[in-house]
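Hi everyone, thanks for coming. Please take a moment with the sequence and the structure on the screen, and then I'll walk you through a few spots.

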Amino acid sequence: MRYIRQQIFKEIGKKGQEKLGKSTAAIVGIGALGSNSAELLARAGVGSLILIDRDVVELSNLQRQRLFDENDVGKPKALAAKEHLAKINSEIKTDFLIDDLNFGNIGKIFGKKIDLILDCTDNLETRFLINDFCIKYRIPFIYSSAVGSKGYVFDIVPNKTACLRCFLKEAAQLDTCETAGVLNTTTSMISTIQANEAVKILLRKDFEKNLLFFDVWKNELSKIKVNRNNNCVCCIKNNFEYLNGKKASKIVKLCGDNIYQIKTRRIDENQFNKLKNKLNNIGKIKHFYVQNIRTNILGSNGKNYQLSFYLDFGTGLWKLRI
Ligand SMILES: [Zn+2]
């Protein structure tokens with residue numbers, strides 16, 4: 001009975017619903033786009049979801065990240081999302097990972113059968129990593145991005161469409177939510193289109209082949225034809241520079257208030273606890289979870305810095321907010 005309205009819709013039907021129930025989709029980045037898409041797919045009955053995000057919920061996220069509420073502030077997003085999704089649909093399986101997706105762990109994380117990846121990240125380097133992985137292992141994925149009142153969605157199905165690197169050349173810094181802001185209507189619109197395309201791809205239905213562009217402020221919609229680039233380094237030459245780590249940078253600027261992510265060597269739990277004590281001596285610890293410390297540190301210039309450390313499989317990750 002739960003899915004009756006969806007089953008009546010002739011493009012889905014009972015068989016389609018069963019197919020969705022047997023499908024697995026991973027969502028990388030549980031921010032505004034990822035949390036909204038995850039909610040829609042959970043409600044639609046996609047049987048297994050994998051949620052990946054290294055970050056914690058902040059007050060400034062609540063303006064657009066509809067799955068979260070004030071009680072979640074300070075909690076890892078992937079965990080908070082899992083808890084909310086379990087209340088929305090207890091019949092599906094949801095796995096979560098508080099982690100940064102990188103070339104060292106992507107194989108382990110997506111090692112088992114996966115039907116689709118939703119790219120809801122905030123930086124091009126991670127997008128290109130997903131692009132490499134999906135082209136190499138022939139997994140469809142859906143690119144989404146939103147800044148200001150504008151957003152893009154693009155379905156990438158290996159051998160059928162262009163890939164991201166056919167038209168985005170390098171991991172250059174583009175406009176971010178920090179410099180241009182973002183409307184909750186933009187992220188809602190883009191994630192809705194993304195979830196819709198996800199259902200079509202999971203059901204092997206005809207999907208959108210164009211790059212979709214929306215400007216919600218101007219009510220503009222464009223469909224942009226993207227051809228495969230005959231010299232594409234990824235989908236033609238199969239040179240997976242981001243997946244083999246050649247292009248992985250140690251410092252990545254993230255979408256946020258001047259946040260930099262710095263990759264270091266991995267530390268174990270013992271070292272992690274020592275680090276916590278050290279940080280406690282020089283600054284005020286704001287949050288402490290098993291996998292995540294966040295501190296406020298007063299610099300010698302009188303400015304406040306925020307430093308977070310994350311444990312993950314392959315690397316240690318510092319996040320510095322200045
Ligand atoms: Zn390509």
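Let's start at asparagine 159, which counts as exposed because it has 9 C-beta neighbours inside 10 Å. The cut-offs here are that a residue is buried with 20 or more other C-beta atoms within 10 Å of its own, exposed with 12 or fewer, and partly exposed in between, with C-beta atoms placed from the backbone. You'll find asparagine 159 in the loop between β6 and α7 (164–167). Its phi is positive, about 75°, although asparagine 159 is not a glycine. For background, most residues other than glycine have a negative phi.

Two quick notes before I go on. This is a predicted model, in which local features need pLDDT of at least 70 and side-chain atom pairs count only at pLDDT 80 or more, while totals for chains, interfaces and linings use all residues. Residue numbers start from 1 along each chain as its sequence is written.

Now, which other asparagine has a positive phi although it is not a glycine? That is asparagine 219, at about 55°. With 8 C-beta neighbours inside 10 Å, asparagine 219 counts as exposed too. It sits in the turn of a hairpin that β7 and β8 form, with 4 residues between the strands. β7 and β8 pair in the antiparallel sense over 5 bridges, and phenylalanine 214 has leucine 221 in β8 as its bridge partner. Pairing here requires that DSSP finds at least two bridges between two strands. Of the 5 residues of β8, 0 are buried, so this strand lies largely in the open.

How many strands form the open sheet? There are 8, in the order β3-β2-β1-β4-β5-β6-β7-β8, with mixed pairing. At the edges are β3 (93–97) and β8 (220–224), each of which pairs on one side only. From one strand to the next, the twist averages 15°. Elsewhere in the order, β1 (residues 24–28) and β4 (residues 116–119) run parallel and are joined by 4 bridges; there, isoleucine 27 stands opposite leucine 118 in β4.

Helices lie across these strands. Helix α4 (residues 77–88) lies across β2 (48–52) and β3, running at about 170° to β3. Helix α9 (residues 184–202) lies across β1, β4, β5 (141–147), β6 (150–156) and β7 (211–215), and runs at about 10° to β6. Axes are lines fitted to C-alpha atoms, for helices over the stretch in contact, and angles run from 0 to 180 degrees between N-to-C directions.

Helix α9 also meets helix α3 (residues 32–44): their axes come within 8 Å and cross at roughly 45°. α3 and α9 are therefore oblique to each other, given that under 35 degrees counts as roughly parallel, over 145 as roughly antiparallel, 65 to 115 as roughly perpendicular and the rest as oblique. Among the residues making the contact are Leu33, Leu40 and Leu41 of α3, and Ile190, Ala195 and Val199 of α9. Contact means that C-beta atoms, placed from the backbone, lie within 7 Å.

Finally, the whole chain: 10 helices and 14 strands, where helices (H or I, at least four residues) and strands (E, at least two) are DSSP runs numbered from the N terminus. Buried residues make up 41% of the 322 residues.

How values were computed:
Contact = placed C-beta atoms within 7 Å.
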